[in-house]
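Let us walk through this model chain by chain. Keep the 3D view open as you read.

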Amino acid sequence: MNKLVVSLSPHAHGSDSVERNMRGVIIALMPALLISFYYFGLGSVVVCLTSVAACLFFEWAISKYVLKRQPSLTDGSAMLTGLLLGMNLPSNLPVWIILVGALIAIGVGKMSFGGLGANIFNPALVGRCFLLVSFPAPMTLWPVQGQLTTYTDAVTGATPLGLMKWAIKSGNSDVLNGLPSSIDMLLGNISNGMGAGTIGEVSALALLLGLIYLLWKKVITWHIPISIILTVFVLSGLMHLYKPYYANPVQVILSGGLMLGAIFMATDYVTSPMTYKGQLIYGVCIGLLTIVIRNFGSYPEGMSFAILIMNAFTPLINHYVKPKRFGEVPAKKKGE
Amino acid sequence: MNFILIAVITLGAIALASAIVLYVVSKRFAVEEDPRIGEVLEVLPGANCGGCGFAGCSGMAGALVKGADNGSIDGLNCPVGGPEVMGHVADLLEMTAASVDPMVAVVRCNGTCENRSRVAEYDGVRTCKAMHMSGAGETGCGFGCLGCGDCVEACQFDAIHINPDTMLPEVDEEKCTSCGACVKACPRTIIELRQKGDNNRRIYVQCVNKDKGPVARKACSVACIACSKCLKVCEFDAITIENNLSYIDFEKCTLCSKCVDLCPTGSIVKVNFPVTESISSVKEIKEAIQ
Amino acid sequence: MKLHTFSKGGVHPKEYKLSHDIATIKAELPKVAIFPLSQHIGAPAKAVVKRGDKVKVGTLIADAGGFVSAPLYSSVSGTIAKVDTAIDATGYQVPAIYINVEGDDWEDAIDRSATLETLANHPELDAEEIIKRVKNAGVTGMGGAGFPTHVKLMPPKDTSAECVIINAVECEPYITSDYRLMMEHADEIVVGVELLMKAVSVDKAYIGIEENKPEAITLMSEKTAANGRIKVVPLKQKYPQGGEKQLVEAVTGRQVPAPPALPVHVGAIVQNVGTAFAVYQAVMKKKPLFERYTTVTGRQIDHPCNFLARMGTPFSQLIEACGGMPEGDNKVLAGGPMMGKAVISLDVPVCKGTNSITVLSGADARRKQSEPCIRCGKCVSVCPMGLEPYLIATFSSLQRFDELEKESITNCISCGSCQYTCPAHRPLLDNIVQGKAVVMEMIKSRNKK
């Protein structure tokens with residue numbers, strides 16, 4: 001008989017694993033990805049494929065040659081970063097810019113901190129924001145939907161967010177009449193010569209389907225996405241009541257990268273708080289920052305920066321926000 | 001042009017003000033320290049190993065100066081620096097350093113894979129502390145070395161390593177500074193600081209098993225079975241047997257080796273002795289047969 | 001009907017109640033019975049026999065070693081072979097009594113009849129007498145921990161008990177011994193509960209049973225229907241519902257404060273259902289504790305069984321009776337997969353707290369490779385005590401013991417939910433128990449000063 005195996009308890013383990021969670025997120029992204037292929041065609045396919053391949057390559061190369069340790073590509077996290085990075089880019093972005101973005105996302109955003117589990121900032125957002133700041137022009141030319149066979153030569157236009165910004169700057173609420181209807185924004189059908197936005201953000205419905213999948217498979221909990229969306233809804237509602245040139249709250253939560261950010265970017269395990277209470281605080285602050293940047297800042301889109309800023313606060317939130325200890329009752333009489 | 005001038009003057013003024021503030025604060029809040037502490041600290045090795053009993057070299061430096069003020073630095077010794085460093089310190093403080101017998105870490109277990117068979121396979125966190133908590137370990141001896149290397153982790157002088165053939169730690173006598181870190185790290189107190197001895201020779205019982213003789217022997221072929229032969233033969237009263245385990249007091253041991261020859265299991269070992277005539281002749285016979 | 005449960009955390013391991021419907025069988029007597037002197041929390045018992053003495057079933061072989069201790073009785077008849085050391089579930093050699101088994105003669109004082117004795121028939125039994133009989137019979141907690149029952153029935157002076165809570169939850173996978181005990185001895189258990197209630201002078205008792213044992217809920221509800229003071233409380237299935245703090249909260253809604261507080265500080269005396277049965281036997285049948293229900297189970301075991309096993313029977317014998325050890329890698333646990341102890345030898349004997357012998361085979365016997373923490377926070381969400389396992393595990397491995405104390409590591413009940421859940425297969429509990437041991441030592445030595 002073989003020697004008996006011994007260890008400390010517990011001796012059983014659930015079916016959860018890192019791969020299962022990463023796979024869950026990738027599957028949840030599929031509706032949004034497929035819708036984007038439908039709306040943007042060739043461009044989105046090229047951008048996403050390039051981003052995924054580049055992220056996988058850089059992670060392998062940096063693990064093997066710089067950090068000199070076993071690359072762990074099979075855990076799915078590099079693929080997920082690539083996919084999320086790609087979905088945060090416009091579909092007409094040239095390949096070389098995507099490569100730079102992937103290098104920064106993986107190299108700076110993830111590996112320089114020590115690899116999976118050690119990074120402070122969401123790698124895909126680090127990549128995206130680096131590109132936004134370094135290549136402002138290519139990163140803010142949004143292709144119009146329907147150009148299925150074009151890539152970098154796509155015709156571009158202003159996005160709903162651009163319109164909202166213009167309405168605020170000019171103080172003119174009539175500008176907002178040019179926005180697509182809420183139903184159209186839900187489905188992602190943004191037409192009339194308007195640019196639709198980044199690859200992943202067009203169809204709020206597809207993203208919400210992803211949210212339902214993630215909640216069902218227990219990959220994430222409701223705390224972060226709902227707190228972000230509710231905060232943005234409430235605050236933008238207050239702004240809209242205050243002055244009509246602020247868009248109405250339904251249009252605000254359906255526009256731009258809000259859904260994508262709330263459901264997929266802010267919920268990244270490594271960079272979000274560990275307790276439910278902490279996650280609610282995190283979500284509310286992201287919502288607040290997003291509204292501030294969108295309405296008072298110079299960028300039309302505030303989600304990415306809001307998430308990155310709150311990523312920096314996550315360790316602080318983890319330090320001060322502790323779960324309620326069992327039995328920590330303030331003034332319970334002993335024995336009654 | 002005005003703008004540049006204003007900027008230069010403003011920044012210059014801020015810089016000057018900051019410099020003055022920093023200077024005043026550094027003087028006002030300066031900590032008075034005896035300059036001798038700094039001098040002693042220079043001489044000490046700076047490893048902060050804790051072998052002297054203080055948290056770091058600065059703690060030791062403070063204690064030495066305090067001792068010097070009280071008239072004696074006896075009882076304070078830096079094992080890493082040894083007599084050389086202690087001599088320098090003594091000169092600095094105009095004191096005499098007490099002579100201390102050099103010590104070395106000794107691993108009191110010989111439960112190699114050959115001597116002590118593995119009866120179970122441990123599948124948890126591979127540190128000695130964790131394995132010790134999970135139970136007796138992988139062998140029938142609940143006192144013996146677990147081989148995960150907590151001692152190796154603790155050593156700052158690269159003086160102890162696990163031998164992959166025996167899965168036991170081995171101490172490099174040259175590098176060991178007897179700081180005691182490995183002694184504290186071992187959850188089973190297998191490592192002991194003993195005198196290096198004359199000519200670097202030592203005799204000790206290489207076992208810490210406190211189970212009854214037959215049980216200990218069943219688990220490991222070189223265990224101490226407390227048969228008392230060593231106790232009876234020692235003329236210097238150096239051996240005590242307690243809890244089924246023999247122990248040799250290094251202060252009293254004269255290295256006569258009588259106990260080593262008598263031990264039926266071979267658990268008493270002698271280190272750094274020359275190979276004696278009788279053993280070499282056995283070797284010759286063995287070679288002749290082969 | 002909304003089922004009660006505890007408020008924080010918890011996991012849902014697969015049940016694998018393979019021996020759920022297997023009627024209990026009497027295990028064969030061993031050839032040599034081994035009795036470690038410490039089968040309970042507290043001072044070890046002191047042997048009162050020596051080599052060559054003849055004993056019967058129910059003869060005292062070791063006396064209690066102090067106030068928090070319990071006597072030990074022989075479960076076999078025969079001759080004392082030696083008072084030596086034996087290997088126990090921890091793998092260490094501990095003092096133990098070996099008995100060569102001859103026949104099956106019982107002490108005359110034990111009432112072996114099947115008549116149900118009730119409190120109504122015995123008005124002479126008052127609290128003091130009940131506790132005395134429980135103490136003399138060597139009854140200790142049968143749920144696994146083995147706290148001497150008579151000590152629990154004499155709570156500290158500054159507390160007052162309000163109710164007795166019977167732990168029939170059996171939340172660990174695989175184990176079915178408490179369930180079978182309820183199905184086969186429900187009447188005796190009810191009397192045992194009444195005895196416990198009388199011993200601590202309360203008039204309320206609750207029997208907590210998880211919803212995965214509907215037959216037991218029905219049966220016990222029937223048996224207690226007439227008795228207005230005992231109530232069966234069905235509980236949602238969630239591990240660790242059987243932890244006493246979680247059980248107290250689920251049944252009474254009150255949370256037991258941090259250690260050194262006990263459940264009795266919120267008015268609850270918690271006893272395992274097996275202990276209630278042992279109390280009945282001790283008080284009414286003058287039967288000391290020497291045999292117990294033990295499940296022997298495992299997915300690769302030929303026929304998992306529930307045994308009525310005499311203490312001192314080696315694990316190997318019981319496993320053989322179930323078809324023997326499976327081929328390949330095996331991990332044998334004294335207890336269930338979440339909190340059981342892995343034994344290094346099958347010569348380990350059944351003790352007072354051995355409620356099950358679980359054999360995990362093949363891939364189940366080994367852990368998966370540990371990966372870096374992905375900071376998912378799942379360990380925090382499942383911890384029933386509101387701790388942060390990722391943090392205290394890391395602090396433990398970095399030896400930051402002062403910070404560990406601030407993070408309330410002493411509240412940890414070692415349930416293992418954190419390690420069970422961790423997607424990165426990190427050995428969280430391994431590190432936490434090490435840290436906990438050091439911090440408790442620190443606190444103990446600080447309180448001594």
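Begin with chain B. The C-alpha centres of its domain 1 and domain 2 lie 32 Å apart. This is a predicted model, so every value here is computed from predicted positions. Domain 1 of chain B covers residues 35-93. Domain 2 of chain B covers residues 103-281. Where do they touch? Six residues of domain 1 of chain B are in contact with seven residues of domain 2 of chain B. Look at the domain 1 side of that contact in chain B. It has four nonpolar residues, two polar residues and no charged ones.

Now turn to chain A. This chain is also divided into two domains, domain 1 (18-138) and domain 2 (158-320). How far apart are the C-alpha centres of domain 1 and domain 2 of chain A? They lie 21 Å apart. The contact between these domains takes 31 residues from domain 1 of chain A and 28 residues from domain 2 of chain A. Which elements build the domain 1 side of this contact in chain A? Four of its helices give two or more residues each: α1 (18-40), α2 (42-66), α3 (77-87) and α5 (123-134) of chain A. The largest share comes from α1(A), with twelve residues. By class, this side of domain 1 of chain A divides into 20 nonpolar, ten polar and one charged.

Stay with chain A and find two helices, α10 (residues 223-242) and α13 (residues 276-296). Two packed helices are described by the angle between their axes and the distance between the axes. For α10(A) and α13(A), the angle is about 35° and the axes are 8 Å apart. Their crossing is right-handed. Which residues meet? From α10(A) they include A:I224, A:I228, A:V232, A:L235 and A:M239. From α13(A) they include A:L280, A:V284, A:I286, A:L288 and A:I291. Polar residues take part too. Among them are A:S227 and A:T231 in α10(A), and A:Q279 and A:N295 in α13(A). Over the whole contact of α10(A) with α13(A), there are twelve nonpolar residues, nine polar residues and no charged ones.

Next comes chain C. Chain C has 13 helices and 17 strands. Of the 449 residues of chain C, 59% count as buried. Now follow the contacts in chain C between residues at least 6 apart in sequence. Of these, 73% join residues at least 24 apart.

Finally, see how the chains meet. The contact between chain C and chain A takes 60 residues from chain C and 36 residues from chain A. On the chain C side, β15 (330-334), α9 (378-382), α12 (417-421) and α13 (428-448) each supply at least two residues. The most comes from β15(C), with four residues. This side of chain C has 31 nonpolar, 17 polar and twelve charged residues.

Chain C also touches chain B. Here 15 residues of chain C meet 15 residues of chain B. Which element gives the largest share of the chain C side? That is α13(C), with five residues. By class, the side of chain C that touches chain B has five nonpolar, seven polar and three charged residues.

Key
Residues are numbered from 1 along each chain as its sequence is written. Chains are lettered from A and ligands numbered from 1 in the order in which they are written. This is a predicted model: local features need pLDDT of at least 70, side-chain atom pairs count only at pLDDT 80 or more; totals for chains, interfaces and linings use all residues. Domain bounds come from an automatic or database domain assignment. Two residues are in contact if their C-beta atoms, placed from the backbone, lie within 7 Å. Axes are lines fitted to C-alpha atoms, for helices over the stretch in contact, and angles run from 0 to 180 degrees between N-to-C directions. A crossing is left-handed if the near helix is turned anticlockwise from the far one by less than a right angle, and right-handed if clockwise. A residue is buried if 20 or more other C-beta atoms lie within 10 Å of its own, exposed if 12 or fewer, and partly exposed in between; C-beta atoms are placed from the backbone.
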